[in-house]
Amino acid sequence: MANHTANLPTTYDVLITGGCIIDGTGNPWFYGDVALVGDKIAAITLPGAIPATAARTHVDATGMVVCPGFFDILSHSIYPLMVDGRCLSKILQGVTTEIMGEGATPGPVGGKITPEWTRRTPFVEAMDRQFVDNAEKWTSFRDWLEALAERGVSPNIGSFLGGGTLRAYAMGMELGEPSADELDTMRKVMAQAMEDGAFGVSCALIYPPSAYSSTAELIEVCKVVAEYGGLYITHVRSEADHLLEGYDEALEIGAAAGLPVHVYHLKAAGRANWHKMPRLIAKINQARAEGQDITCDMYPYTGMGTGLTSVLPPWSAAGGKQYENLSDPTMRAKIVAEALNPSGDWEALAALSGPEGVQPVGMHKPENQQYVGQRLSEIAASRGQNWAEAACDLLVSEGQRISTFYHTMSEDNLQLQLQQPWVMIATDAGGLDPAWAAQYGPYHPRAYGTYARVLGKYARDEQVLPLEDAVRKMSWAVASRLGLYDRGRLHAGCYADVVIFDPATVGDRATFEEPHQLAEGVRAVWVNGAQVVKDGAHTGALPGRIVDGPGRKSSL
């Protein structure tokens with residue numbers, strides 16, 4: 001690497017020296033120094049090319065890795081950021097950009113969306129009430145992002161438009177195909193969201209109301225996204241018995257609408273489906289070889305996390321009346337019968353894992369605390385019920401979806417997935433602080449450990465993938481997927497989102513049994529040139545900014 005110092009400025013804000021640089025692109029590591037000025041990376045030089053006296057702050061990174069900040073393309077920090085803008089569990093893993101929106105977003109509010117749409121969260125008690133009440137005023141997609149940024153956040157923030165929000169805006173929680181007017185509403189709302197900075201549309205096709213969308217409807221929405229250069233990002237309709245068909249639909253949508261496809265949390269759920277992963281990888285490789293742009297992300301755990309409501313058929317929530325339906329004896333009997341003997345046209349998670357693999361943890365009522373962390377089979381046995389009746393009773397009692405772990409995946413598949421070049425890392429979780437999050441009960445450990453676990457367990461200890469590729473999957477691979485070419489790599493002129501971590505100690509501590517434990521090994525983090533982590537502790541800085549999708553840039 002050439003040592004170009006003649007034209008460098010004489011004064012830098014930060015000079016990081018002595019570190020092992022992994023630039024995020026997948027290139028081999030090298031020794032070098034990194035200089036920051038304002039919110040940008042000013043220079044990357046050979047060791048010693050810039051004297052320490054030329055910088056206001058000198059950081060000795062000897063023995064450490066210096067790399068770009070990480071992206072979470074599947075962040076659920078929408079509500080946690082309303083509680084705590086520091087995004088502690090993510091920042092302390094080196095995550096500097098949170099991309100949100102899987103299935104639902106707080107904005108826009110309007111059409112057939114009720115104000116309650118923005119408040120479905122276990123963290124609501126900890127929120128600033130005035131701030132949350134303002135959610136009713138978030139009539140555009142951008143309103144809530146600007147509200148978060150103005151309030152103050154440590155990471156950069158961006159989002160897809162939630163496909164469930166889009167459909168609810170036009171149709172509420174109704175089943176069926178949209179009318180011509182309703183589809184036209186979806187197109188207009190989608191176009192406005194793209195101009196507001198959305199990266200595309202995100203459809204979680206196992207959750208109502210996105211689950212009610214047909215392939216044809218999704219293609220029409222995605223044609224609008226394609227006009228703005230956006231991305232179709234999806235939780236496919238099946239990750240289990242119809243796994244391959246779920247990806248076929250995603251590829252069909254991408255091809256018909258003419259846009260790239262990204263699939264959330266690659267997995268084959270249920271022991272009976274584990275053997276399908278090599279076939280799925282071959283399908284994706286073939287599609288890419290034939291010229292179709294498809295990528296995926298994943299988290300490094302064999303247990304997944306979603307609501308206990310996922311043991312019930314999606315039609316049980318039609319009209320937004322799930323808890324009413326569960327309280328009606330006639331409807332409940334139909335729901336229980338379908339849960340115990342699934343028709344095969346929906347993702348029956350209890351059938352995949354068995355009730356012994358279903359672990360409800362998100363109960364809030366005092367009378368249900370005795371069940372937190374037990375398996376659904378144990379809960380049912382203690383109540384003298386079948387598991388479906390027990391699940392229905394808990395959901396009615398709680399009046400909320402009940403955060404639940406489903407132990408359904410294979411470690412062998414997980415390692416195979418990590419080695420695929422088109423796979424990126426994401427958490428599928430929010431940024432939490434144990435000081436306030438623990439009161440809401442157990443949470444999936446991926447919120448605290450995803451990135452540190454890949455760096456420590458899978459790259460360093462088990463050598464499933466090289467450290468350079470692990471960093472690439474967390475940084476430049478995601479930034480370039482989103483079209484954010486001025487972030488995600490260590491390169492002069494890019495934004496100064498920078499991480500220093502100890503390669504010998506970086507690792508996760510959170511477990512399913514004791515999840516509220518912060519990761520270790522990340523020593524320093526800068527976001528837009530402002531230091532948010534120093535000596536392994538959060539500084540309290542909130543320098544995060546909105547990052548925009550291609551429609552916003554083209555419309556300004």
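**Backbone exceptions, helix packing and cysteines**

His-265 is found in the loop between β12 (261–263) and α9; helices (H or I, at least four residues) and strands (E, at least two) are DSSP runs, numbered from the N terminus. The structure is a predicted model, in which local features need pLDDT of at least 70 and side-chain atom pairs count only at pLDDT 80 or more, while totals for chains, interfaces and linings use all residues. Residues are numbered from 1 along each chain as its sequence is written, and side-chain values use heavy atoms, with hydrogens and water left out.

Although His-265 is not a glycine, its phi is positive, at about 30 degrees. His-265 has a relative accessible area of 2% and is therefore buried, a term that denotes under 20% relative accessible area, as against exposed for over 50% and partly exposed in between (1.4 Å probe, protein chains only). Asn-528, likewise not a glycine, has a positive phi of about 50 degrees. Asn-528 is placed in the loop that lies between β19 (522–527) and β20 (530–534), and with a relative accessible area of 6% it is buried. Most residues other than glycine have a negative phi, and most peptide bonds are trans.

The bond from Gly-107 to Pro-108 is cis, with omega near 5 degrees, and Pro-108 is situated in the loop between β7 (95–100) and α3 (129–133). A cis bond also runs from Pro-208 to Pro-209, with omega near 0 degrees. Pro-209 belongs to the loop between β10 (200–204) and α7 (215–227).

The packing of helices was examined next. Helix α9 (residues 277–289) packs with helix α15 (residues 411–418) at an angle of about 20 degrees, and their axes are 10 Å apart. Axes here are lines fitted to C-alpha atoms, for helices over the stretch in contact, and angles run from 0 to 180 degrees between N-to-C directions. The helices α9 and α15 are therefore roughly parallel to each other; this label applies to angles under 35 degrees, with roughly antiparallel for angles over 145, roughly perpendicular for 65 to 115 and oblique for the rest. From α9, Met-277, Pro-278 and Ile-281 make the contact, and from α15, Asn-413, Leu-416 and Gln-417, where contact means heavy atoms within 4.5 Å. By class, the residues of this contact are four nonpolar, two polar and no charged. Ala, Val, Leu, Ile, Met, Phe, Trp, Tyr, Cys and Pro count as nonpolar, Asp, Glu, Lys and Arg as charged, and the others, Gly among them, as polar.

Helix α15 also contains Leu-414, which is buried at 3% relative accessibility. The C-alpha atom of Leu-414 is separated by 8.5 Å from that of Met-298, although the two residues are 116 residues apart along the chain. When neighbours within four places in sequence are left aside, the contacts of Leu-414 are Met-298, Tyr-299, Pro-300, Tyr-301, Thr-302 and Tyr-458.

Leu-166, Arg-167, Tyr-169, Ala-170 and Met-171 of α5 make the contact with Glu-182, Thr-185, Met-186, Val-189 and Met-190 of α6. The contact residues of this pair comprise seven nonpolar, one polar and two charged.

Gln-322 is found in helix α10 (residues 322–327) and, at 12% relative accessibility, counts as buried. Apart from neighbours within four places in sequence, Gln-322 is in contact with Thr-309, Leu-312, Ser-316 and Ala-317.

The cysteines were considered last. A disulfide is a covalent bond between the sulfur atoms of two cysteines. With a disulfide taken as a pair of cysteine sulfur atoms within 2.5 Å, the count comes to zero disulfides. For Cys-203, the closest cysteine sulfur is that of Cys-222, at 6.2 Å, which is too far for a bond. Cys-494 is in no disulfide either, the nearest cysteine sulfur, in Cys-67, being 14 Å away. Cys-203 counts as buried at 4% relative accessibility, and Cys-494 is buried with a relative accessible area of 3%.
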